[in-house]
Amino acid sequence: MFIEIIDVIISGLINGSVYALMAVGLTLIYGVSKAFNFAYGSFYSLGGYIAFLLFSIPFFNNYFVVLCLAAPVLLIFGFFIEKLLVAPLRKRDDWEVKVMMITLGLALFLDNSYQVVFGARMKSLPSMLEGNFEMGEFILSYQDVMIFIFSIGGILLFRWFLNNTRTGMSVRAVAQNPAGAQIVGIPKDFVFAATFAISTVMVGMGGILLAQKYFITPAGGWDILVKAWVITAFGGMGSIKGGLYAAFIVGMLEAFVGWYFGMTWTLIALFAVLLTTLAVRPQGLMGKWG
Amino acid sequence: MIKVHDLNAYYDDFHVLKNVSLNVGKGEVVVMLGPNGHGKSTVLKSICGLVEKVTGNIIYDGENITGLGSEKLVNKGITYIAENRELFPEMTVLENLKLGAYSQSARPHERENLEKVFTLFPRLADRQKQLASTMSGGEARMLAIARGLMSNADFLAIDEPSLGLQPNLRDEVARIIKEINTQGITVLVVEQNIPQITELADKIYVLEEGMISFQGSKEEALGNDHLKEIFLGM
Amino acid sequence: MENKRITIFLAVIWGVVAILPVFFGSTNFIMHILIMCLIWSVVASCWDLIMGFAGIFSFGQVAFFVIGAYSSAIISARFGVPPIFSVFIAGIITAGIGILVGLPCLKLKGAYIALVTFAVHMILEPVLKGDIGRALGTGGSRGILTIVPMNIFGYTFTSSDPIPYFYLLFLVAVICSVIILMVIKSHWGTAFLALKDAEDFASCLGVSAFKYKLMVFALTSFLTGMIGGFYAHYVGMLSTRMLGIDLFVTLMVILVIGGVGKFPGAIIGAFITIALNEMLSPLGSYRPIILGAMVVILVLVLPDGVTGLFEKIFSTKKRGLTH
């Protein structure tokens, strides 16, 4: 029983770490450009499929290479999607609705393209590291450890970027005060595209990391989108710290509810917690208005 | 330094500025007065690349800069200082200042400008690590001006620096503008009638209903009956 | 579009639709599609009203539709209520749920409202399939397999003779659209415009945001739930498959093609989209890819959909009013 609880906690932590990576990506776009990317789930799957493709080429058969190749591909993809699909809409009225619609169209396009190209059946990636760490009855797979390390690593890398690079500071500036950013000479449009690109990398990486454990399916991104959305709203849209806390809380909550009540109740429990939080704090845990 | 000719500016369909023309010579302090809501801020913002729909000609040191965005103009040495300050609330004073030096032309001079700014605003030096959102009105105003200076600008467009400040701080603001000007920066200030600042003016413009209704020296302004109405009306 | 224009446009659309059975009446298959177009036009118009017009990002439309459908099916089966009445009761039940959902949304903004309303959608499936659902009579994951067919004063509508059904739903759709039109034209309409543009300011002027927002939730869920009921009695069976992402996406495509916030664009959008869907179905799995690409291109090129196109063609002034 004790071991079971430890298992649950660890599972919660590991899932939480990946959720954190993806939630931060979503909250970043919202915080900086107030756009909502409905194709976020499809980008998650994109990461998985890119990795799948790379793995099928004998030369690229290891994770290090795959991650190093996938990241720039996702970055450039995200950048161009923003420039082509989102940026032109900013000047229109009702642009938030239009962005939701265009990204929804994109999601439709991508998900079904995956199905046509890769087939509807699940795909999986090889494990990063085979084997388990065993201590008595307690088993922890190295795969899970690697997932955790890479997720946390990704988040720390992102934090370093935000605080220590010029582009990072400009991202924070645009998020805090777009008018001020313009006054200071920061190219807002570039920042919008860059943040979108970064979030695409983050969620794509999440897709690659989790693909070794769960599978890649053409429509698998929707659950991820909803989860990332719930976490982001719970933590406060636009707040990175909030997103981080929320991700781990949700990871743990999911693990415990799933263990005690069964997996079908996790979604309901999540929404229940979300709704109660929003009732008390309409802006989420650490969100701000505006 | 800046020649504006037949400037028209629009916010969507609203015609804010109508054929505005003005000149700011290099090294001058020029003050623009006028009733609220008649477009004074828009003049400054248009010059600094912050207004979308602009027609006419804005010439800076012989170069036509009409319609260029703020990213390019800050790089050329033209900076706007907003009446709303528009600081970055969750960043420290130091971070705000550093962001002021974001543009390519300002970056190499960041350190020396930081020193200059701290000499000019010793209170800011004391509060380097303080968050911008916790500053008082006067301190925030100083920070906004300081941040503008970090851009290594040759031309500063300052929007109502005395707004909401107590009289003694207004003296401070005037002193700073004079000091900045002495260091070689050309200044175009929009203000209500604040004697300390109009005192500094080499030239005065008055903007009413989006059009220039008066231009001349301080003395000419004082002798003008219509302007007295505006002064009293404020 | 100015109000008078909207009315004329609406009349023209319905006029055209009314005579469609003359051309297609003999083909049951096409009549079936047209009936679905009528049903979706109501759902889409309601979604357009709450999202495009009132500016509330509600994603619960499909959920309300399903709730209405199930409610009417269960009520007519369990309590023997004639379907023509059970659809109204279903509408009222759905309106009640709509208000319950709307209440927490009153204080929320934008994407949060979308999330909460989408949550209703997401939770509905496990609830309908699970124990609570089965107790209520939803048939769990199998769904409801037999539903009392629509029956007015003894005349039973059957799906084998679609023309009467078509005209019944035509009547319902027209009435719904007139209700929506009256809302837009009324002082509600002005209030929504004010709220959408500048909520805080409007509140200062005494426009009660709460009251109007709740009313919009109530009205749109009532109409959607009711038409869901009509759907149930027409199609004869229900399952939770309707809660999949396909329906949601189809509705969104309808709004994109028709034009968001441009009533009666949703109606035109419904007809075009469903027709398009049918025409493209031989393409099999390529169909959604094309639809997705179309949505992307349309949002960029024709942001106000087909209605926007009409506005440009027929507008004498340079800038008309949008609602």
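This is a predicted model: local features need pLDDT of at least 70, side-chain atom pairs count only at pLDDT 80 or more; totals for chains, interfaces and linings use all residues.
**Who touches whom**

Let's start with the chains. Two pairs of chains touch, and the pair with the most contacts is A and C. Chains B and C, on the other hand, do not touch, and their nearest C-alpha atoms sit 11 Å apart.

Now look at the meeting of A and C: 34 residues of chain A are in contact with 31 residues of chain C. On the chain A side, the elements that give two or more residues are α4 (95–118), α9 (221–235) and α11 (264–280) of chain A. The largest share comes from α4(A), with 14 residues. What classes of residue make up this side of chain A? There are 25 nonpolar, 5 polar and 4 charged residues.

**Two crossing helices in chain C**

Stay with chain C and find helix α2 (residues 28–53) and helix α11 (residues 245–258). They pack with their axes 10 Å apart, at an angle of about 75 degrees. Angles of 65 to 115 degrees count as roughly perpendicular, so that is how α2(C) and α11(C) lie to each other.

If you'd like to find the contact yourself, here is who takes part on each side:

| Helix | Residues in the contact |
|---|---|
| α2(C) | C:W40, C:V43, C:A44, C:W47 and C:D48 |
| α11(C) | C:L251, C:I254, C:L255 and C:G258 |

By class, this contact has 7 nonpolar, 1 polar and 1 charged residues.

**A covered helix in chain A**

Over in chain A, helix α8 covers residues 188–211, which is 24 residues. From its first C-alpha to its last, α8(A) reaches 34 Å, close to the 34 Å expected at 1.5 Å a residue. Is α8(A) mostly covered or mostly open? Mostly covered: 22 of its 24 residues are buried.

**One glycine up close**

Finally, zoom in on C:G140. You'll find this glycine in the loop between α6 (131–136) and β1 (151–152) of chain C. Why does C:G140 count as partly exposed? A residue needs 20 or more C-beta neighbours within 10 Å to be buried, and 12 or fewer to be exposed. C:G140 has 16 inside 10 Å, so it counts as partly exposed.

Leaving out residues up to four places away in sequence, C:G140 touches C:K129, C:G133 and C:R134. C:I272 is 132 residues away from C:G140 along the chain, and the C-alpha atoms of these two are separated by 34 Å.

Terms used: Residues are numbered from 1 along each chain as its sequence is written. Chains are lettered from A and ligands numbered from 1 in the order in which they are written. Two residues are in contact if their C-beta atoms, placed from the backbone, lie within 7 Å. Helices (H or I, at least four residues) and strands (E, at least two) are DSSP runs, numbered from the N terminus. Ala, Val, Leu, Ile, Met, Phe, Trp, Tyr, Cys and Pro count as nonpolar, Asp, Glu, Lys and Arg as charged, and the others, Gly among them, as polar. Axes are lines fitted to C-alpha atoms, for helices over the stretch in contact, and angles run from 0 to 180 degrees between N-to-C directions. Angles under 35 degrees count as roughly parallel, over 145 as roughly antiparallel, 65 to 115 as roughly perpendicular and the rest as oblique. The expected span of a helix is 1.5 Å times one less than its number of residues.
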